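Let's take a walk through a protein fold together, one piece at a time. Keep the structure open beside you and look for each part as we come to it.

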Amino acid sequence: MQREDIRNGLIVSCQPVPAGPMDKAEFVTGFAKAALDAGARALRIESVAYVGAVRSAVAAPIIGIVKRDLSESPVRITPYVSDAEALADAGADVVAFDATDRMRPAGVEDLVRAVKAKGKLAMADCSSLKDAERALAAGVDFVGTTLSGYVGGPEPVAPDIDLIAAMRKLTPYVIAEGRIRSPEQAAAAVKAGAYAVVVGSAITRTEHVTSWFHEALAKAYGKAEERAAETVLAIDIGGTKTMAALVKGGAIIDEIVVPTAREAGPDSWLAAIADKTGHWRDRYVRVGFAVTGLVQDGRWSALNPATLGIPDDYPLAERATRLFGKPAIAMNDAQAAAWGEFKFGAGSGGNLVFLTISTGIGGGIVIDGRPLSGLAGHFGLIRGPSQGRSPLEDETSGRWIAAEALKAGHEANAAEVFEKARQGEPWARAIVSQSTLRAATLCRDIQLMLDPDQIVIGGGIGLAAGYIDEMRDHLKDIAPRLAPRLLAAKLGSRAGIIGVADLAGEGG
């Protein structure tokens, strides 16, 4: 073997946990073959017996070591000359040994001479730059960072990237080894100058990898439970009224309604809410806002100024955090409602689109368990050739229904139009049918664009008696695979409050 044979390569250390269920020759050989099949350039194998077993199965370079627990020395890796010779005879191409400056059975120079006498390459497992300097002076072919952090004091968690870089100034033949547990850490070792990189536990020690994930999940679940136990002040600012509620674990435990003084502006709205909820100040730890319009990075802008006049790019989350003295997030109300229905309402765990049909039309999208933000879900503002300059909501929603009734000679709001339709009035039936057709057509288009598992319909119009059923009638001739699955929302007007509270509890 030449040193160049492992240049820029991954070396997989196939060392099972001693006395563990994988501590058998057939498992070690299996690990080795699997690693090579996946692209490893070389292997690091412990024990003379396992080196021999793996050598009989593969032709790739092997770094061999022996581990011993000695009473007279702290050195564990290939402490004796006889160990080095036996590894070479078993088929190791490189023999690695502890090169630290500690009391030892055999000196580094003796080990190097024995390895070279067998025609093999020598690797020094070092703990410091001084170790590497002495080992290079003794004639080793490679220096490794293997023992950094293992010769006293608390064991670090991350690899010693600084030592890799420092060794690289001494020699190009630096093998990075020790606590490299992710592709990102391996890449960092390469960037620091590693000639090759050894990864062991993260690939071949099932017990270690499982324990890392177990610990991480235990912490994550613990934090999730802590967040679920937190109370959030959730605020839904509407065009005529603002609802504020204390929400804990998806349940509303207290709520108040504050009139929205439309002409006063957002600073005044926030001040009024803060004043009305002042007696709750010690009962919540975070604040979440669900608002109409566009919210990006906590900044609020109007998409339809007729609903609420909001200055462009109003720093809602920032000002709320300062005013309430608690961390605050903000998002579009329909997007928050989509999350509320996904997590606590009609959602069944798959991808979901929420469509609220009320005075206007809004919506939200949850894909792969994550709510989409920004402009996503503003379905009421889309325009087709038939709409011309008017957005879809202007020809479908509650405002349109009332306007159409007036055109037909009947001064009636949307609820009254629905009642007349139920009574069989032709003019009212025609209006409702046109609204449900356009809403159904929108759902068909959403299905073709996003293919959600369900489209949840909410809002005062969407949840009016018979509305969803009539939407389904308009879709009955569509092939089953192309037809959207329509469900009625379960959380009603509180979906946005519950959704934004949950997202605020997760930190947004």
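**A guided tour of the fold**

Helix α13 passes α15 in a right-handed crossing. Here α13 covers residues 398-407, and its axis comes within 10 Å of the axis of α15, crossing at roughly 150°. That angle makes α13 roughly antiparallel to α15, because angles over 145 degrees count that way. Which residues make the contact? On the α13 side they are W400, I401, E404 and A405, while α15 brings W427, I431, Q434, S435 and R438. Keep in mind as we go that this is a predicted model.

Now follow α15 itself, which spans residues 426-450. This helix lies across strands β16, β17, β19 and β20, and runs at about 160° to β16. Those strands belong to an open sheet of five, in the order β18-β17-β16-β19-β20, with mixed pairing. Which strands stand at the edges? They are β18 (370-371) and β20 (486-488); each has a single partner strand, so one side of each is left without a neighbour in the sheet.

Strand β19, residues 454-458, is joined to β20 by three bridges, and the two run parallel. You can find V456 standing opposite L487 of β20. Another helix, α12 (residues 333-344), also lies across strands of the sheet: β16 (352-357), β17 (361-367), β18 and β19. Its direction is at about 50° to β17.

Next, move to helix α11, residues 316-324, where L316, A317, A320 and F324 are buried. These residues cover an arc of only 90° around the axis, which puts them on the same side of α11. What do the buried residues of α11 pack against? Their partners are β9 (231-237), α10 (266-276), β12 (286-291), β14 (299-301) and β15 (328-332). Just after the helix comes G325, with a positive phi of about 70°.

Our last stop is F142, in strand β6 (residues 142-144). Is F142 buried or exposed? Its relative accessibility is 1%, so F142 counts as buried, since the cut-off for buried is under 20%. Setting aside neighbours within four places in sequence, F142 is in contact with R3, I6, V94, L121, A122, M123, A124, Y173, I175 and Y195. Take L121 from that list: F142 and L121 are 21 residues apart in sequence, and their C-alpha atoms are 8.1 Å apart in space.

Terms used. Residues numbered from 1 in each chain as written. Predicted model: local features only at pLDDT ≥ 70, side-chain atom pairs only at ≥ 80, totals over all residues. Heavy atoms only, no water. Buried < 20%, exposed > 50% of the residue type's maximum accessible area, 1.4 Å probe, protein only. Helix = DSSP H or I, 4+ residues; strand = E, 2+ residues; numbered from the N terminus. Arc of directions from axis to C-beta. Contact = heavy atoms within 4.5 Å. Pairing = 2+ DSSP bridges. Axes fitted to C-alpha atoms, helices over the stretch in contact; angles between N-to-C directions. Parallel < 35°, antiparallel > 145°, perpendicular 65-115°, else oblique. Left-handed = near helix turned anticlockwise from the far one by under 90°.
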